[in-house]
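Reader: Could you walk me through the ligand site in this one? I'd like a close look at what surrounds the ligand.

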Amino acid sequence: MNTPSERGSGRRAGGRRARAPRRSVEVTSVREVTPHLVRVVASGELEGWNGGGPGAHFKVFIPVAGDEVVMRTYTVRDFDREAGLLTIDFGLHADGPVTAWARTAAVGDRFAVAGEARPGYVPDAVARWCLFFADHCALPAVASVLEALPADMRAIVFVEVTDPADETEFSSAAEVRTTWLAESGPPCAALLAAARSVVLPEGPGEVWIGCEAGAMRGIRRHVLGELGVPREALHSRAYWKESVPNHSDHDTGSDDG
Ligand SMILES: Cc1cc2nc3c(=O)[nH]c(=O)nc-3n(C[C@H](O)[C@H](O)[C@H](O)COP(=O)(O)OP(=O)(O)OC[C@H]3O[C@@H](n4cnc5c(N)ncnc54)[C@H](O)[C@@H]3O)c2cc1C
């Protein structure tokens, strides 16, 4: 039987760039950060692994039943190169196989990760402020990005959670103002409402959006159309899509304008 690691090797169809082979890892610790956020630390074939920048994402390959492996997108919450330890925060809101795995993850469980992570997000050097709109599953990305911001940056953060017990402290050198929004109505509707009432700070800045696909488009439209944020200062990505398993991690909403 192939291991998840062996199945990841190979070359893309059409002779394009070979994907870096998957790395096999094993859970070394599991802890509940908040009631709906489980922190898994893994080690294994991580020597030389490219963990990307702040908020970078990558694929996990989780064995679910028998020989079946499912692939989903997660954030590098932390990668300690020296110690070879990769930290992933699994939110427990999705109704899918990887969330089910995370609920019962235990030390010694094996899975695989993609050969490398996608770059991550660092605001442009001229930006004086950064506005974040995130839901619970984008929280690991926001937390990682905030940790890397410089002291002369202002971060205005809106996060929607279904349970107030999932609100966490952020750590950052930047000046961070966080507004926690309670989910009410459709997912991320509160985020969209917050975007519609926000007033942008003075000077150059950027907007980061990570949430449900439909809401992400609504916020994007408002930010571009009504707030007049230049396209190059907007970084948006769907973190999931209602009723769609394994929604594409390439969905930035740019098809919508
Ligand atoms: C760039 C990127 C980074 C991400 N990083 C993280 C991360 O660090 N931590 C994390 O927890 N998630 C993260 N996600 C989201 C995660 O990939 C999805 O939630 C994933 O679909 C969960 O897989 P699953 O097998 O549990 O559910 P799936 O089989 O994919 O979906 C099953 C059902 O659950 C619904 N669903 C999926 N996600 C959610 C959700 N978040 N809330 C409510 N319903 C949902 C789907 O619409 C579907 O109906 C990230 C996504 C992207 C694109």
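**Around the ligand**

Author: β4 (68-75), β6 (85-91), α2 (97-103) and β12 (234-240) each put at least two residues into the shell around the ligand; helices (H or I, at least four residues) and strands (E, at least two) are DSSP runs, numbered from the N terminus. Bear in mind that this is a predicted model, where local features need pLDDT of at least 70, side-chain atom pairs count only at pLDDT 80 or more, and totals for chains, interfaces and linings use all residues. Residues are numbered from 1 along each chain as its sequence is written, and side-chain values use heavy atoms, leaving out hydrogens and water.

The shell has 28 residues (a heavy atom within 4 Å), with Thr-73, Gly-91, Thr-99, Lys-241 and Asn-246 the closest. Domain 1 (4-113) and domain 2 (129-256), with bounds from an automatic or database assignment, both contribute to that shell, so the ligand lies between them.

Now the polar contacts (N or O pairs within 3.5 Å). Ligand oxygen atoms sit 2.7 Å from a backbone N or O atom of Thr-73 and 2.7 Å from a polar backbone atom of Gly-91. The side chain of Thr-75 has an N or O atom 2.8 Å from a ligand nitrogen.

Technical notes
A polar contact is a pair of N or O atoms within 3.5 Å; within protein, one must be able to donate a hydrogen and the other to accept it, and residues adjacent in sequence count only if both atoms are side-chain atoms.
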